[in-house]
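The notes below are grouped by topic.

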Amino acid sequence: MTRDQRDFVTKVPAVTLGFWIIKILATTLGETGGDTVSMTWQMGYLASTAIFVVPLVLLVAWQIAARRFHPFLYWATIIASTTAGTTMADFATRSLGIGYTGGSALLLACVLGALGLWHAVLGSVSVDTVRSPRAEGFYWLTITFSQTLGTALGDWAADDGGLGYAGGAMLFGGALAGLALLYYRTRTSRVALFWAAFILTRPLGATVGDFLDKPLAKGGLDFSRPLASAVLAAAILVLILVIPQRPGTHPGGAPQGE
């Protein structure tokens with residue numbers, strides 16, 4: 001790829017079916033991994049958040065400093081954001097006492113605020129334009145808020161909504177299927193559909209993760225959190241190696257001859 005051709009690619013992966021499969025597994029790992037540290041190892045939500053936020057900040061800085069798309073770096077940053085999102089949401093909804101409804105509303109406002117500010121500053125929130133430090137900063141800020149929102153939303157559906165973990169997973173899985181139908185059958189904004197799907201994959205992963213590791217008495221399968229996290233991490237690693245990883249293309253398009 002020439003220098004001119006590199007100007008037309010972003011530093012995030014192309015949005016394909018493989019992208020969504022890995023994203024759902026990553027969000028599930030975020031739930032089991034975050035709960036491993038905060039609950040199984042009894043570190044607490046605040047201390048666990050501090051533990052996960054440090055690698056998140058370092059990985060985001062590394063991602064922004066990188067000159068091209070690196071699959072392992074990108075997905076490591078996604079996993080860091082989703083594990084940090086798990087403990088941050090749990091700290092807000094449980095330790096601060098604002099509840100799942102209050103936490104979901106607050107975090108939804110944060111996501112919408114980040115998207116609004118991003119659009120106001122750069123004129124677009126499309127992931128196809130994530131190729132400058134400012135755009136990447138807004139991208140990762142929005143992602144972190146969405147990962148945190150997803151945890152609170154998943155807990156709200158499973159507990160306050162009375163759906164349980166399996167019911168919550170079916171609800172969010174059905175919502176994602178509806179978005180896919182809109183994508184293939186309508187001309188609904190692709191940018192809006194992407195962010196809606198990106199947000200909904202997180203509560204799907206949260207409810208699936210809770211279904212795997214919560215006690216039988218609470219509607220879970222009572223699997224070991226560390227073991228479930230290790231299996232999910234191994235599956236993600238294999239998929240990154242097996243599924244072709246390529247950067248997305250900037251809206252300007254690639255020069256001819258690529």
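Helix H2 (residues 17-40) and helix H4 (residues 71-95) pack at an angle of about 50°, their axes lying 8 Å apart, and that angle makes H2 oblique to H4. The model is a predicted one, in which local features need pLDDT of at least 70, side-chain atom pairs count only at pLDDT 80 or more, and totals for chains, interfaces and linings use all residues. Residues are numbered from 1 along each chain as its sequence is written, and side-chain values use heavy atoms, with hydrogens and water left out.

**Terms for the helices**

- Helices are DSSP runs (H or I, at least four residues) numbered from the N terminus, and axes are lines fitted to C-alpha atoms over the stretch in contact, with angles from 0 to 180 degrees between N-to-C directions.
- Oblique covers the angles left over when those under 35 degrees count as roughly parallel, those over 145 as roughly antiparallel and those from 65 to 115 as roughly perpendicular.

**H2 with H4**

- Among the H2 residues in contact (heavy atoms within 4.5 Å) with H4 are Phe19, Ile22, Gly30 and Gly34, while the H4 side includes Tyr74, Trp75, Ile78 and Arg94.
- The residues of this contact divide into 9 nonpolar, 8 polar and 5 charged, where Ala, Val, Leu, Ile, Met, Phe, Trp, Tyr, Cys and Pro count as nonpolar, Asp, Glu, Lys and Arg as charged, and the others, Gly among them, as polar.

**H4 with H6**

- H4 and H6 pack at about 50° with axes 7 Å apart, which makes H4 oblique to H6.
- The H4 residues in this contact include Tyr74, Ile78 and Arg94, and those of H6 include Tyr139, Ile143 and Asp155.
- By class, the contact of H4 with H6 has 8 nonpolar, 10 polar and 3 charged residues.

**H6 with H8**

- Helix H6 (residues 133-160) packs against H8 at an angle of about 45°, with the axes 8 Å apart, and this makes H6 oblique to H8.
- H6 passes H8 in a right-handed crossing, and the contact comprises 9 nonpolar, 7 polar and 3 charged residues.

**Largest pocket**

- About 670 Å³ of space lies in the largest pocket, and Val15, Trp20, Tyr183, Phe194 and Ala197 are the closest to its centre of the 26 residues that line it.- A pocket here is an open set of points on a 1 Å grid over the protein atoms alone, where a 1.4 Å probe fits, with protein on both sides within 12 Å along at least five of seven lines, and lining residues have an atom within 4 Å of a point.
- The largest share of the lining, 8 residues, comes from H8.

Definitions and conventions
Helix = DSSP H or I, 4+ residues; strand = E, 2+ residues; numbered from the N terminus. Points joined across faces, edges and corners; volume = space filled by probe spheres on them. Left-handed = near helix turned anticlockwise from the far one by under 90°.
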